[in-house]
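Subject: Structure handover

Hello,

Here is the structure we spoke about. Please open it before you read on; my notes follow below.

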Amino acid sequence: MPALDDHVLAVPLVDHHVHGYWLQTRDRGRFENGLNEANVEPLAAFDSAFDTQIGFAVRAHCAPVLGLPRHAEPDEYWARRSELGDDEVARLFLTAAGVTDWLVDTGFGSGIADLATMGRTSGGRVGEVVRLESIAEMAAAADGDYADAFRRILRDRTASAVGTKSILAYRGGFPGDLTEPSAADVRDAAARWRAAGGTRLTDRVLLRFGLYEALRLGKPLQFHTGFGDRDCDLDDANPLHLLDFLRNSGDTPVMLLHCYPYEREAGYLAQAFNNVYVDAGLSINHLGARSPGIIARLIELAPFRKVLYSSDGFGPAELHYLGARLWRNGIGRVLGELVAADEWTERDAIRVVDLIAHGNARRVYGLS
Amino acid sequence: MPALDDHVLAVPLVDHHVHGYWLQTRDRGRFENGLNEANVEPLAAFDSAFDTQIGFAVRAHCAPVLGLPRHAEPDEYWARRSELGDDEVARLFLTAAGVTDWLVDTGFGSGIADLATMGRTSGGRVGEVVRLESIAEMAAAADGDYADAFRRILRDRTASAVGTKSILAYRGGFPGDLTEPSAADVRDAAARWRAAGGTRLTDRVLLRFGLYEALRLGKPLQFHTGFGDRDCDLDDANPLHLLDFLRNSGDTPVMLLHCYPYEREAGYLAQAFNNVYVDAGLSINHLGARSPGIIARLIELAPFRKVLYSSDGFGPAELHYLGARLWRNGIGRVLGELVAADEWTERDAIRVVDLIAHGNARRVYGLS
Amino acid sequence: MPALDDHVLAVPLVDHHVHGYWLQTRDRGRFENGLNEANVEPLAAFDSAFDTQIGFAVRAHCAPVLGLPRHAEPDEYWARRSELGDDEVARLFLTAAGVTDWLVDTGFGSGIADLATMGRTSGGRVGEVVRLESIAEMAAAADGDYADAFRRILRDRTASAVGTKSILAYRGGFPGDLTEPSAADVRDAAARWRAAGGTRLTDRVLLRFGLYEALRLGKPLQFHTGFGDRDCDLDDANPLHLLDFLRNSGDTPVMLLHCYPYEREAGYLAQAFNNVYVDAGLSINHLGARSPGIIARLIELAPFRKVLYSSDGFGPAELHYLGARLWRNGIGRVLGELVAADEWTERDAIRVVDLIAHGNARRVYGLS
């Protein structure tokens with residue numbers, strides 16, 4: 001499919017959920033742990049993140065960007081990366097990704113590139129995604145009524161932002177009550193939380209309060225769902241547990257991120273609700289050569305106008321590039337096979353590529 | 001595999017779970033919503049059901065039945081469909097499906113073809129599947145003891161029917177107690193329900209009562225499982241939650257319909273219980289070009305004598321045809337690859353096609 | 001990929017979870033039930049285990065080992081098997097498997113080959129895996145303090161064993177408290193259980209106690225997870241429910257067996273915890289020609305140094321061979337496609353084959 005293949009290689013991407021890259025990678029141990037999403041401890045001495053799908057994908061696809069042969073060995077890769085230095089590595093990967101817009105979750109991590117640096121390094125546009133749990137912590141630290149403070153800070157912080165993000169998956173998970181709490185309950189919960197120090201929000205009432213304020217704001221609301229680190233109970237991050245919340249969510253776009261291994265459930269929700277969108281996020285990076293499968297499953301039930309691209313890149317700048325590279329390869333393979341079987345036309349396939357690569361994101365985030 | 005391919009194209013099908021088609025489609029908005037299973041609201045203005053797997057499949061496979069080129073554009077398709085009119089469209093699709101027997105769930109929808117119309121339009125035989133929840137509502141409206149009325153109406157209504165159907169998935173879901181209730185509990189629950197109006201049964205005691213009456217009847221009992229509209233909590237429709245019920249279900253055949261995304265769990269149950277059967281039902285239609293995957297996964301653990309075909313066609317008559325078309329394409333592809341790899345013989349593949357297409361259904365429903 | 005293909009055919013295997021084969025198969029009904037994992041009743045008269053994926057795989061891959069043509073018919077297969085006799089059948093299959101080390105779970109079944117017989121028949125080395133629930137029953141029958149007796153018997157029984165095994169999945173499942181119980185709680189629970197007869201342990205406190213004693217022992221601890229017979233609630237055997245236990249499990253290797261249909265969740269756990277390992281176990285046998293899929297999914301998130309091979313063979317000696325045969329075919333196919341697509345190098349593929357076939361097992365079980 002030469003036209004489809006050429007198109008996939010060149011299509012501009014909106015990476016609608018990404019973080020800053022590490023300004024300093026420091027050592028190989030930290031780098032390898034940066035290729036492992038789920039583990040929160042240092043990798044065991046017998047293990048290496050290079051012996052994983054993502055590790056093999058780094059060698060296959062990132063090595064050439066650094067001027068190495070495809071499939072360069074780990075030692076060779078690390079030596080070249082060290083020789084180039086973090087700034088140059090980041091510049092190479094971010095400019096090679098073919099991303100025109102980076103929508104950056106600024107709520108996590110230190111020692112990472114900020115919005116301005118992301119823009120300067122990549123040459124692309126940047127937009128901000130604001131974490132609701134960060135707003136809550138600011139409101140806890142503010143004077144006066146918590147709810148008023150939350151609303152004021154949310155309004156101020158999102159005036160120039162493209163959307164909000166919830167990490168409810170890491171703060172108790174989705175099962176249980178997700179209705180809007182009463183003003184009195186919010187007041188009481190806020191008083192208790194402030195008295196306890198007002199850090200790392202896990203109070204369910206205040207988490208629920210934040211979600212409904214984000215819905216009221218009307219900008220797209222992102223949820224971490226599925227695969228993440230082990231501090232999150234994976235089955236409590238199954239987006240199906242959001243069903244009742246989604247029934248109450250009105251018209252505000254709700255973006256289900258990552259989704260693995262619940263991408264088929266997420267696709268169902270995207271069909272069931274006019275305001276629900278999905279991506280495969282960090283799953284693509286971590287599945288490496290196996291990522292065409294999730295790319296394909298995500299478009300089983302999800303309408304094609306409801307699917308987006310993101311890398312969830314964080315830490316090693318490889319991830320900001322590799323997500324794009326693997327998504328291009330994967331969507332080209334998946335749709336190319338459907339076209340070859342005469343199930344889809346090549347023209348339709350190209351149109352769907354455009355929708356997922358940037359069209360849907362531009363429409364829903366109001367990007368130019 | 002020329003012999004297998006020829007066989008798959010021509011094999012007669014029993015569609016063991018289907019509904020009537022719409023006698024009048026009316027307008028394009030309603031038609032497009034008819035291609036979306038999960039959403040219960042009108043599709044958003046920015047969306048189109050043509051930009052989905054099922055939409056692409058309609059263009060690829062249904063357009064030629066209406067005399068259009070494969071992959072006709074949506075506007076062209078809708079214009080041609082309108083020009084032909086609903087009666088002619090239904091006649092074209094139902095006769096092209098290659099279905100000899102339609103087992104019709106008569107418990108849902110108005111303005112749809114009745115049994116006689118289904119038979120006349122298709123030229124095929126029809127059988128009825130009676131909904132237990134409809135029987136319950138008739139029993140609530142009848143005089144005298146509820147349990148006696150339920151049994152009498154069930155016996156009368158199923159005298160000429162091939163089986164029964166439960167939509168427990170939509171009336172509270174599978175988790176929780178599914179044992180047989182006592183006569184006293186049934187009497188009390190019926191009194192409460194009758195006092196409250198006796199419509200739309202959600203009382204768990206009476207739902208459980210109906211299931212055991214259906215088991216006693218001995219005709220195949222169908223369950224909606226998995227993928228449906230969003231009024232159903234998808235995870236409460238996971239057939240694994242039926243495990244305790246199945247342990248009590250004796251010899252009466254229990255048919256797990258649709259199953260997506262739990263088709264592997266359903267296949268496990270078909271292996272675990274002599275009386276459990278599975279199909280992929282409406283999932284095949286909605287997955288379109290991705291349906292070979294579910295067809296393949298359904299025969300991972302499920303014994304081949306326990307798998308059936310159905311379309312679950314409802315509304316647009318396209319679905320009554322498309323399910324058959326996609327199943328033929330999918331089973332041909334899946335088994336053809338196994339034969340090409342010399343994992344199966346072509347003769348065995350043809351035999352398994354016959355079992356799923358009609359052999360198992362004829363045996364279990366006692367069709368001639 | 002000639003080098004990869006040759007390597008896969010010849011690579012020595014460690015079968016790290018297997019049982020003895022039946023010394024006497026007796027009759028065809030028992031043989032066919034032995035090919036069905038989930039059903040605990042005799043197969044229905046209308047059914048045959050030969051009409052399943054595993055049945056087709058037996059005909060394709062086991063028939064030639066008995067000197068029959070590939071795809072021999074069931075009657076022919078059974079006649080030949082009967083003619084050869086159980087001893088010769090076992091000898092043929094166990095020597096053809098290419099397994100150098102059989103790690104045998106000795107906690108289940110009678111009339112099966114013991115360790116010495118397994119070694120003699122196969123010509124391979126044998127190691128023992130001791131069931132914790134069997135230790136508990138011995139401790140219940142012993143004199144004196146239950147906890148002391150359990151520890152003493154565990155130490156004695158595992159002195160020459162390679163690891164332990166838990167069937168918690170069959171004794172209440174994984175959901176719920178899996179913390180270490182207090183000594184007082186263990187004493188009380190043991191008294192109650194002894195008073196009730198001390199057979200078939202289902203007491204949660206004592207099950208939990210056994211797990212922590214196994215962790216303290218430090219040898220690899222195997223868990224049945226996922227697909228098994230219907231006495232086990234499949235969804236309660238989802239390894240995700242072990243998350244809290246794994247957070248407490250320290251450095252002792254924990255081996256998640258079988259995993260289907262939760263192999264992607266299991267792979268996640270293998271990435272999340274330095275001490276968690278996975279295999280596809282009996283799923284490979286039962287999926288037959290569909291087993292390449294699970295082999296591929298298991299290495300999506302699981303690091304390659306955390307994946308092992310096992311057959312879980314029990315009963316018909318076919319299973320001890322077929323698991324190996326299907327695993328070789330499957331890993332060859334899966335990795336061959338990745339190499340052909342230039343996603344992996346052939347050299348890396350061969351290295352990963354070695355890791356899964358024997359390298360990881362030798363490292364973690366301390367085999368020579």
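First, a term. Buried area is the accessible area, taken with a 1.4 Å probe, that two parts lose on being put together, summed over both. Please also keep in mind that this is a predicted model.

**Chain C against chain B**

By that definition, chain C and chain B bury about 3400 Å² between them. Carbon and sulfur atoms account for 48% of that area. On the side of chain C, the residues that lose the most area to chain B are Phe46(C), Asp51(C) and Arg230(C). Together they make up 20% of what that side buries.

The contact involves 42 residues from chain C and 33 residues from chain B. Eight salt bridges cross this interface. One of the residues named above takes part in a salt bridge: the side chain of Asp51(C) meets that of Arg305(B), at 2.9 Å from N to O. There are also 26 residue pairs in polar contact between chain C and chain B, both residues at pLDDT 80 or more.

Which helices of chain C supply at least two residues each to the side that touches chain B? They are H3 (53-62), H13 (281-287) and H15 (318-340). H3(C) gives the most, with five residues. By class, this side of chain C has 16 nonpolar, ten polar and 16 charged residues.

**Chain A against chain C**

Now the other contact. Here 42 residues of chain A touch 33 residues of chain C. The buried area is about 3400 Å², with 48% from carbon and sulfur atoms. Phe46(A), Asp51(A) and Arg230(A) supply 20% of the area that chain A buries against chain C.

In one salt bridge, the side chains of Asp348(C) and Arg59(A) meet at 2.7 Å, N to O. Polar contacts link 25 residue pairs between chain A and chain C, both residues at pLDDT 80 or more.

On the side of chain A that touches chain C, two or more residues come from each of helix H3 (53-62), helix H13 (281-287) and helix H15 (318-340) of chain A. H3(A) gives the most, with five residues. That side of chain A divides into 16 nonpolar, ten polar and 16 charged residues.

**How the copies are related**

What rotation superposes chain C on chain B? It is 120°, with 0.0 Å of shift along the axis and an RMSD of 0.0 Å. The two copies are therefore related as by a three-fold rotation axis. They use different surfaces: 2% of the contact residues of chain C recur in chain B.

Chain A goes onto chain C by a rotation of 120°, with 0.0 Å of shift along the axis and an RMSD of 0.0 Å. Only 2% of the interface residues of chain A are also interface residues in chain C, so these copies meet through different surfaces.

**One residue inside chain B**

Last, look at Phe93(B). It is found in helix H5 (residues 86-96) of chain B. Is Phe93(B) buried or exposed? It counts as buried, because its relative accessibility is 0%. Beyond its neighbours within four places in sequence, Phe93(B) is in contact with Cys62(B), Val65(B), Leu66(B), Tyr77(B), Ala317(B), Glu318(B) and Tyr321(B). For scale, Phe93(B) and Ala214(B) are 121 residues apart in sequence and 33 Å apart in space, C-alpha to C-alpha.

Best wishes

Terms used: Residues numbered from 1 in each chain as written. Chains lettered and ligands numbered in written order. Predicted model: local features only at pLDDT ≥ 70, side-chain atom pairs only at ≥ 80, totals over all residues. Heavy atoms only, no water. Contact = heavy atoms within 4.5 Å. Salt bridge = Lys/Arg side-chain N within 4 Å of Asp/Glu carboxyl O. Polar contact = N/O pair within 3.5 Å; in protein donor to acceptor, adjacent residues only side chain to side chain. Helix = DSSP H or I, 4+ residues; strand = E, 2+ residues; numbered from the N terminus. Nonpolar A, V, L, I, M, F, W, Y, C, P; charged D, E, K, R; others polar. Least-squares fit on C-alpha atoms with pLDDT ≥ 70 in both. Buried < 20%, exposed > 50% of the residue type's maximum accessible area, 1.4 Å probe, protein only.
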